[in-house]
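I opened the model and kept notes as I went. The entries follow in the order of looking things up.

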Amino acid sequence: MIDRTRLAQLHAAEETTFRELHPRSAELAARAHGSLLAGVPMPWMTRWPGAFPVFVDHAEGARLVDVDGVSYVDLCLGDTGAMTGHALPQITEAITARAGRGVTTMLPGEDAVWVGEELARRFGLPAWQLAMSATDANRFVLRFARHLTGRPRVAVMDWCYHGTVDESLAVLDGDRVVPRPGALGPQVDVAVTTAVVPFNDLDALDRRLAQGDVACLLMEPALTNIGIVLPEEGYLAGVREITRRHGVLLINDETHTMCAGPGGATRAWDLEPDLIVVGKAIAGGIPAAAYGMTAEIAARLAGPMLGHEIDVAGVGGTLTGNPLATAAIRATLSSCLREEDFAGAVPLAERFTAGVAGVIEAAGLPWHVQRLGCRAEYWFCPPPRDGAAAASAVDEEIEAFFHLWALNRGVLLTPFHNMALFSPAHTEADVDRHTEVFAGAVEALTA
Ligand code: PMP
């Protein structure tokens, strides 16, 4: 349906425009190659569209401005880290005040207590711990789950993403568990550490957990890292029943699904996980994450937590829960990501979804757009039921073209997603600008 020669020509023209628009970024990119591996501070940054990454100057509200002075409607929002909108004055103020009073101390402060109370209130689990990133929090809960159950494996969904957690970088190849493509240098064979099941498949989950070797199931209540794959009616209730029956701890990773509301999908859909992980947005972009647990798990962990050797288990980390991070979480959760904030952001995501769906339908393309709260994403297939179906529809050529086309027209999408995230700082005009740009790309491709 898509003429690939035409796509390649259009893409080449966009690359030329990109270079013309970004001379200062080009200079910095060239310089970066002198000291940074591949010219970027971390590997995935090579995956931004264009011949080099756009270097950022500043970001405020729903806008990002690059070093060439080009301004963007930011639909990436730091891939959820800035879901509140950028540089909110009250968060800036709190961080600045804390920075002048000591940033890291190895001691708790009152903010840490406030944070525990607020997380308990929002998510309904009573006991919390802090971490530096959602990846870290996931690592820690997997460790605790193995400790508590005495079982060696963790279960994850096929084509999930939970950060750079070795055990979770696994997919199914038929019945076999194999490393996810791109998972470099696994420490051990993932088939030894991990059970993988397809999303939305209760029979497969039941069969796998019946083997009795799985400590926990780590999952997003809706997949958000391979497009958005929503749970079918009754699926999450089935997951809870099956995990309970097999004595498997259920961990909801709400790092992204926090877009569903102030207490994530857990509260929005009345879920009953044993543990919850949150990260990214909770500190307004300052590195911080947290994990919560039931009273029963907290009671069982209290013993080991008091032990003389607790700090050798790799749970925590020196900078974790530092006063700067806790001040940032407090400032964020006391003034953002509340019911009233979602009431502003969700209708924008709905408007985005309606606009994109209209373009897809008018063009007669077999694509879809999906939404969860203030997050929306389009994908180049009809709505998939599981991660493997979504993964098989990845079309890197079209995706790269769309991203670059949008970037060249002042709209920033999230790399390795076709994701748009909305904050109360966005406007209907921002949404409509994307719809217009998206329509232009589709028209250019299909004319
Ligand atoms: N969990 C989920 C569901 C995520 O999407 C991600 C990152 N995209 C992470 C965990 C890891 O977050 P971080 O990279 O901040 O550690």
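Is phenylalanine 416 buried, partly exposed or exposed? I found phenylalanine 416 partly exposed, with a relative accessible area of 29%. I used these cut-offs: buried is under 20% relative accessible area, exposed is over 50%, and partly exposed is in between, with a 1.4 Å probe and protein chains only.

**Ground rules.** I noted that this is a predicted model, where local features need pLDDT of at least 70, side-chain atom pairs count only at pLDDT 80 or more, and totals for chains, interfaces and linings use all residues. Residues are numbered from 1 along each chain as its sequence is written, and side-chain values use heavy atoms, with hydrogens and water left out.

**Positive phi.** I checked the backbone at phenylalanine 416 and read a positive phi of about 45°, although the residue is not a glycine. Phenylalanine 416 sits in the loop between strand 15 (411-412) and strand 16 (419-421). Lysine 280 also came up, with a positive phi of about 50°, and lysine 280 is not a glycine. I placed lysine 280 in the loop between strand 11 (275-278) and strand 12 (289-293). Lysine 280 is partly exposed at 30% relative accessibility. I looked for such cases because most residues other than glycine have a negative phi.

**Whole chain.** I counted 15 helices and 16 strands; these are DSSP runs numbered from the N terminus, helices being H or I of at least four residues and strands E of at least two. For 447 residues a compact globule would have a radius of gyration near 22 Å, and the protein has 22 Å, which agrees. That radius is taken over C-alpha atoms, and the globule rule is 2.2 Å times the number of residues to the power 0.38. Along the principal axes I read a C-alpha span of about 65 × 55 × 45 Å. Of the 447 residues, 55% count as buried. Among contacts (heavy atoms within 4.5 Å) with a separation of 6 or more, residues 24 or more positions apart account for 74%.

**Alanine 127.** I found alanine 127 in strand 4 (residues 127-131). Which residues does alanine 127 touch, leaving aside its neighbours within four places in sequence? Alanine 127 is in contact with Tyr291, Gly292, Met293 and Ala298.

**Aromatic pairs.** A search of the whole structure gave me 16 aromatic pairs. Rings of Phe, Tyr and Trp (its six-membered ring) pair if their centres lie within 6.5 Å; planes under 30 degrees apart count as stacked, over 60 as edge-to-face and the rest as tilted. Phenylalanine 123 and tryptophan 128 make a tilted pair, 5.7 Å centre to centre with 50° between the planes. I found both phenylalanine 123 and tryptophan 128 buried.

Why is the pair of phenylalanine 199 and tyrosine 235 edge-to-face? The ring centres of phenylalanine 199 and tyrosine 235 are 5.1 Å apart and the planes lie at 65°, so the pair is edge-to-face. Phenylalanine 199 lies in the loop between strand 8 (194-197) and helix 7 (202-209) and tyrosine 235 in helix 8 (residues 235-245), so the pair ties together parts 36 residues apart in sequence. Phenylalanine 199 is buried at 0% relative accessibility, and tyrosine 235 is buried at 2%.
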